[in-house]
Amino acid sequence: MQDTLIKICGLSSRESIDAAAAAGATHVGFVHYEPSPRHLSLADARALSETVPDPLLTVLLLVSMGPDETARAIDAVQPDVVQLHGAETPEWCAALKQALPIEIWKAVGVRDQAGMEHAQRYVGAVDRILYDAPAGALPGGNGLALDWSLLSGFTHNAPWGLAGGLTPANVADAIRQTKAPLVDTSSGVESAPGIKDIDKIRAFCQAARNG
Ligand SMILES: O=C(O)c1ccccc1NCC(=O)[C@H](O)[C@H](O)COP(=O)(O)O
């Protein structure tokens with residue numbers, strides 16, 4: 001069986017990137033969304049992404065940005081993946097996927113079975129669907145979990161991942177229950193909003209690898 005992919009999101013320091021790399025994470029996420037405590041300017045996201053060691057992949061998070069702004073952000077940061085975390089439609093995602101040689105992921109907040117069905121509109125339009133809790137104070141990164149039982153018996157027709165409220169204490173259980181091929185965390189490895197905790201990053205990666 002393939003190892004679970006591990007994304008640590010909302011990083012803002014070289015130290016946390018190095019910790020994620022050393023702990024075996026596969027992806028690191030940079031949030032470009034001004035209301036977020038994890039917001040990075042495009043210049044800061046670019047500077048940090050240049051410090052990301054191979055084979056760690058960089059994910060740029062954008063929220064409901066227009067075409068020109070999106071193109072500017074991607075051009076500035078040069079990520080491996082763009083994670084769209086707002087109201088982006090399947091059509092918009094598909095157009096972006098066609099235009100760019102990088103992966104496009106769509107985060108979708110799901111509350112119930114109908115939400116899971118609705119999310120399937122993105123199959124074929126993106127490279128991965130990331131199932132998250134419904135938006136809270138922020139579109140994502142709220143530390144809220146979705147109902148994992150929605151995923152446990154679900155037939156997936158596209159690559160996917162699990163986000164929302166994952167912590168070092170619950171990630172192994174989440175993987176066992178849902179069989180998620182990728183897990184994503186942000187607030188679960190922080191000591192305060194926007195402040196990553198190196199020990200929690202290590203513990204999360206270890207628990208996910210053993211899950
Ligand atoms: O982290 C943010 O501040 C953020 C802001 C706007 C859109 C998305 C954001 N974060 C996304 C993530 O960190 C994760 O993909 C996901 O939502 C899990 O977050 P968490 O529940 O905190 O682990």
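Q: Why is threonine 89 called partly exposed in this predicted model?

A: Threonine 89 has 13 other C-beta atoms within 10 Å. A residue is buried at 20 or more such atoms and exposed at 12 or fewer, so threonine 89, with 13, is partly exposed.

Q: Where is threonine 89 found?

A: Threonine 89 lies in the loop between β4 (81-84) and α4 (90-99). From threonine 89 to leucine 56 there are 33 residues in sequence and 28 Å in space, C-alpha to C-alpha.

Q: What makes strand β2 and strand β3 a pair?

A: The requirement is again at least two bridges. Strand β2 (residues 27-31) and strand β3 (residues 57-62) have 5 bridges in the parallel sense, so they meet it. Valine 31 has leucine 61 in β3 as its bridge partner.

Q: Which strands make up the closed barrel?

A: The closed barrel has 8 strands, in the order β1-β2-β3-β4-β5-β6-β7-β8, with parallel pairing. From one strand to the next, the twist averages 25 degrees.

Q: How do you know that helix α2 and helix α3 meet, and which residues are involved?

A: Residues are in contact if their C-beta atoms lie within 7 Å. On that basis, Leu42, Ala45, Arg46 and Ser49 in α2 meet Ala73, Ala76 and Val77 in α3. The residues of this contact divide into 5 nonpolar, 1 polar and 1 charged.

Q: What describes the crossing of helix α2 and helix α3?

A: Two packed helices are described by the angle between their axes and the distance between the axes. The axes of α2 (residues 42-49) and α3 (residues 67-77) come within 8 Å and cross at roughly 35 degrees. The crossing is right-handed.

Q: How many residues surround the ligand, and which are the closest?

A: The ligand is surrounded by 27 residues, of which the closest are Ser36, Gly140, Gly141, Ser186 and Ser187. By class, the shell has 11 nonpolar, 13 polar and 3 charged residues.

Key
Residues are numbered from 1 along each chain as its sequence is written. This is a predicted model: local features need pLDDT of at least 70, side-chain atom pairs count only at pLDDT 80 or more; totals for chains, interfaces and linings use all residues. Helices (H or I, at least four residues) and strands (E, at least two) are DSSP runs, numbered from the N terminus. Axes are lines fitted to C-alpha atoms, for helices over the stretch in contact, and angles run from 0 to 180 degrees between N-to-C directions. A crossing is left-handed if the near helix is turned anticlockwise from the far one by less than a right angle, and right-handed if clockwise. Two residues are in contact if their C-beta atoms, placed from the backbone, lie within 7 Å. Ala, Val, Leu, Ile, Met, Phe, Trp, Tyr, Cys and Pro count as nonpolar, Asp, Glu, Lys and Arg as charged, and the others, Gly among them, as polar. A residue is near a molecule or strand if its C-beta atom, placed from the backbone, lies within 6 Å of it.
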